[in-house]
Amino acid sequence: MYSNTEIVKRHHAIAVDDVRDLILHLIADSPPPNWLRIDNAKQIQKVVALLIPGLTPDILSLPPFPTSATVNPNLPLSIPLLPPPSSDAGAESAASIPFIASTFSHACPTRAPGDQTRMHSVLSSFFTGPVSGEEKKRRLTQRVQSENNKDDPIRYLLTLEQMIENDYPIPSYMADVFEKPSGWVETPEPPVNHSKKGQKIYAIDCEMCITEDGKELTRVCIIDVTSGIVIYDQLVKPTKPIIDYLTRWSGITAEALGPVTTTLAQVQAHVLRLLSPPVGNPFALSKPSTSAAPPLPPPTPILLGHSLESDLKALKICHPRCIDTALMYHHPRGRPLKPGLAWLTKKWCGRDIQTRGEGGHDPEEDARACLDLLKKKLENGPGFGEFKMDYESIFERMGRATGRGNGVVNSAVVDLGNPSVMHGSKANTAIGCKTDDEVLENLLNVIPSHQFTFGRFMALATTLGWVTPKATLDSTATQPPIAPPTPTTTTSSIPQEPAPPPTPEQLAPILAALNTHLKTLHASLPPRTALVIFTGHSDPRRMSVLNARKGAFESALKSGKTPEAIAPALTWSASDGRDLEEAVELARRGLLFLGIKQ
């Protein structure tokens, strides 16, 4: 499996980056990997990559990962042969996924991306890779040229494509993609020709609550970027009865909203006056000469915010000129992840925000943070605050491939959810599914017309309990969950231990279905198709529980509590830190299976 020169000196398991680079070598024109020998790679016509979390050594009847200091744990594991049909060994000793044992000879240990205390996104690492030397040179030239007008905020306006991709409400005159429900308004269409002077920018932040109709606006704050003055700060009375004030995030209480009578329609009217292009004064004393051209109208004001689409939805306003700090700055792990506002402000402005704990956020503070982040960009140029500038989507890399005939590599992503706005946004085809059965059906449909296809089966991981909601204390989250725990629940903030594993009876039909899916898919593959199956990681639940407890402990300290006042279940010690590092190391282990359909 490994190259002969690598097998004795392999000190690390195969990284997800290595799997990605192998695929780019097979289907694009990347250099060959140094850990694997591939004969006649150019004869491979297609590559199908499957991510299947939950395929553990136990389920596959593989020997456990070696723990002895004298044994290299990163060498391929030999997959035991299936017992003959007449064997009395029983189902427990046979492989639970017979397809794996009958198709592959070895399982290669892999290691998910991460650090000592966290496992990073397997999908992000797989779908994003370093650019080639030629592309890096092109980007550097482009970046140098862009520095010439670094202090122009217009360069950071969202394009229509970006607005659609990030679920912005789109004005009807930009594109017919958003049907405004009742109660929605849109700002007037900007003039085709307008003055270059007098550009207004307003930083905005809104707070919401939960009513019988879902999220509704409770407060809006707007700051003029040029002067730094708050020009509008208004509490808003929702039309429907409030179910949850979301005080932990919004800072809004029943007492604060009690005397408020301002409605959403009144707020919309005020905001529309701010955002509409100013009109000329018909009663002006001085009139331009008949020979002079009429003055150009001022430009339409720009709205600035963090994940601004949420604020526009709360206001029920469509606006064409938007700057979003969640897109203007990069998440440290790259797209499609978005950085949190508190993290950005601490990282690039050197100050803490959103530190009021249960008291919630201050919209003026958040709007001012967006204002400062824009000023930092204008002062330092477009490259400021960006991570992985020399990285790109693997689909962009495949699109430039020149080493395979006509150079066209059609790619497809078939996954649960909506991959077209996430990791599959740059693929030629992206299909969202609800079940593993739908994933299989769509894979069978797209593989014949695509050179590279990615699919993910999640039923096994879901049954094992590995798929859990995101922690509410996630520092990168930009929005609160729909139903946060109530303040009166004292146990809701205490991380729960993982549930017991499913019984063999519960697991058997899931494994049988997965085995059938893999057999059906493999039988449909044309000859000379490379099949790459990887699991990504192992059970992450223990790691998640410990990280949640660590986060709760740190949040309690930030809120002013002493260690003695923190509940025993939420305390954190050096021993817990060592347990977390061990849990992370175990969670990052995975398996890789490589084969060619003959």
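Contact here means heavy atoms within 4.5 Å. In this predicted model, local features need pLDDT of at least 70 and side-chain atom pairs count only at pLDDT 80 or more, while totals for chains, interfaces and linings use all residues. Residues are numbered from 1 along each chain as its sequence is written, and side-chain values use heavy atoms, with hydrogens and water left out.

Glutamine 199 sits in the loop between β6 (185-186) and β7 (201-211). Strands (E, at least two residues) and helices (H or I, at least four) are DSSP runs, numbered from the N terminus. Leaving aside residues up to four places away in sequence, glutamine 199 touches Ile154, Pro299, Thr300, Pro301, Ile302 and Arg321. Polar contacts were also assigned (pairs of N or O atoms within 3.5 Å; within protein, one must be able to donate a hydrogen and the other to accept it, and residues adjacent in sequence count only if both atoms are side-chain atoms). The side chain of glutamine 199 makes such a contact with the side chain of arginine 321, at 3.0 Å. A polar atom of the glutamine 199 side chain also lies 3.1 Å from the backbone oxygen of threonine 300.

Side chains of opposite charge can pair when their charged atoms come close. A salt bridge requires a side-chain nitrogen of Lys or Arg within 4 Å of a carboxyl oxygen of Asp or Glu. The count is 17 salt bridges. One of them joins lysine 200 and aspartate 224 (3.9 Å, N to O). This pair links distant parts of the chain, 24 residues apart: lysine 200 is in the loop between β6 and β7, and aspartate 224 is in strand β8 (residues 214-224). Accessibility was classed by relative accessible area (buried under 20%, exposed over 50%, partly exposed in between; 1.4 Å probe, protein chains only). Lysine 200 is partly exposed at 39%, whereas aspartate 224 is buried at 6%.

Glutamate 364 and arginine 368 form another salt bridge (3.2 Å, N to O). Both lie in helix α13 (residues 363-380), four residues apart, about one turn of the helix. Glutamate 364 is partly exposed at 26%, and arginine 368 is partly exposed at 25%.

Arginine 541 pairs with aspartate 539 in a salt bridge, with the closest N and O atoms 2.9 Å apart. Arginine 541 is buried at 12%; aspartate 539 is partly exposed at 29%. Elsewhere, a network of salt bridges links Asp17, Arg20 and Asp21.
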